[in-house]
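Dear colleague,

Please find the structure below for your review. A summary of the findings follows it.

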Amino acid sequence: MKMGQGGAGRRSGDGHVARRVSGLVLVMLAAALWATVGVASELFPKGRAIPDEVYGFVRTAIAGPALLLCALVAGGAGQIRPRAGSVRGFLVFGLCCALFQIGLFRSFTYLGVTVTVFLTVCLPPVIAVGWSLLRRTERPSRDLLAAMGLAVVGLAAFVLPVDTGGAGGGMASGVGPGLAFSVMASVAFVAMSHAGRALCAEHRPLLVAGLGLSLTAVVLAPVAVVMWPAAWGWAGVARVDWRDAGMLVYLGLVPTALAYLCYCSGMARCRSAVAGLVASMIEPAVAAGLAFLFLREVLGLWEVAGCVLLFFAMLVLWLYDVPASQRRTVA
């Protein structure tokens, strides 16, 4: 009997590990898809460039309803009804995702694709851990302090060269606003991730991503109309030119609908939100490669050093977050 119970325990443990590993893989897939957003928006013809807030609105307005339609077809009307008491969580998801969209696309303008992606991917895990330390839900250990120190130095090494016209592609005069928008996007992404993870405990990821993105579009629509009334003219041009329309549809379906579905599914399987955020570290590498190929953005020596420090900081955080027994199993 004891041997049978031990075998069942091992199978259960293996199942938990496999689930968490699959969660990390899904988050990494989402991050790789997100890495294409900046390059795609920068490749949009400058003569018909869409304002930043409208980029966020268009991609979420396409993605949200598309995912809800998939949920409706797959499981009927019951699959698109949120449970009682979850409205607040969906509102937090939608509002934070809207702020993330604004900060992200604004940062692309000020800092370039590579710098923006590194900041908005590396800052969220640091912010999440720092918030846990402030709330005293995490005890300050040597590993956490080392990771925070590496991350701070890495971010400084990566950002400072932009002020002197570094190779990241940003504009020196826009460093301050660019950093502010990056921080705003990072904080919003952390809050959105926590809300999405909590919602996935009671809802299917398809509903969480679909309804969350639909609410994001609702939040962004009046912002786009009030601040840029002419933006809807650009949308009309995009409908006429199949290449522009194709770019917008791609932004809505692939790096938004599919990516957020993968992200919500992955975060629901990860051991913690920090583990999922660290798994998204693949995004800067993919974004840097695409920016080099299509936009000719090249990192300088200090920026490369910053990337290395940030990588080790995220690795320390991930190892800290995974129990020793699971580390041995995964290895």
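Helices H4 and H6, the latter spanning residues 175-200, pack at an angle of about 55°, with their axes 8 Å apart. That angle makes H4 oblique to H6, since only angles under 35 degrees count as roughly parallel and the oblique class also excludes those from 65 to 115. The crossing in which H4 passes H6 is right-handed. Please bear in mind throughout that this is a predicted model.

The axes of H3 and H4 come within 7 Å and cross at roughly 135°. H3 is therefore oblique to H4, and the crossing of these two helices is right-handed.

The crossing of H3 and H6 is left-handed. Where H3 meets H6, the contact comprises 23 nonpolar residues, six polar residues and one charged residue.

H3 itself may be described as follows. The helix covers residues 87-111 and has 25 residues. From its first C-alpha to its last, H3 reaches 35 Å, which is close to the 36 Å expected at 1.5 Å a residue. Just after H3 comes Gly112, with a positive phi of about 90°. H4 covers residues 113-134.

Which helices supply at least two residues each to the lining of the largest cavity? They are H1, which runs over residues 2-43, together with H3 and H4. H4 gives the largest share of that lining, namely four residues. Sorted by class, the lining has 11 nonpolar, three polar and two charged residues.

In short, H3 and H4 cross at roughly 135°, and each of these helices also supplies at least two residues of the lining of the largest cavity.

With kind regards

Terms used
Residues numbered from 1 in each chain as written. Predicted model: local features only at pLDDT ≥ 70, side-chain atom pairs only at ≥ 80, totals over all residues. Heavy atoms only, no water. Nonpolar A, V, L, I, M, F, W, Y, C, P; charged D, E, K, R; others polar. Expected span 1.5 Å × (residues − 1). Axes fitted to C-alpha atoms, helices over the stretch in contact; angles between N-to-C directions. Parallel < 35°, antiparallel > 145°, perpendicular 65-115°, else oblique. Left-handed = near helix turned anticlockwise from the far one by under 90°.
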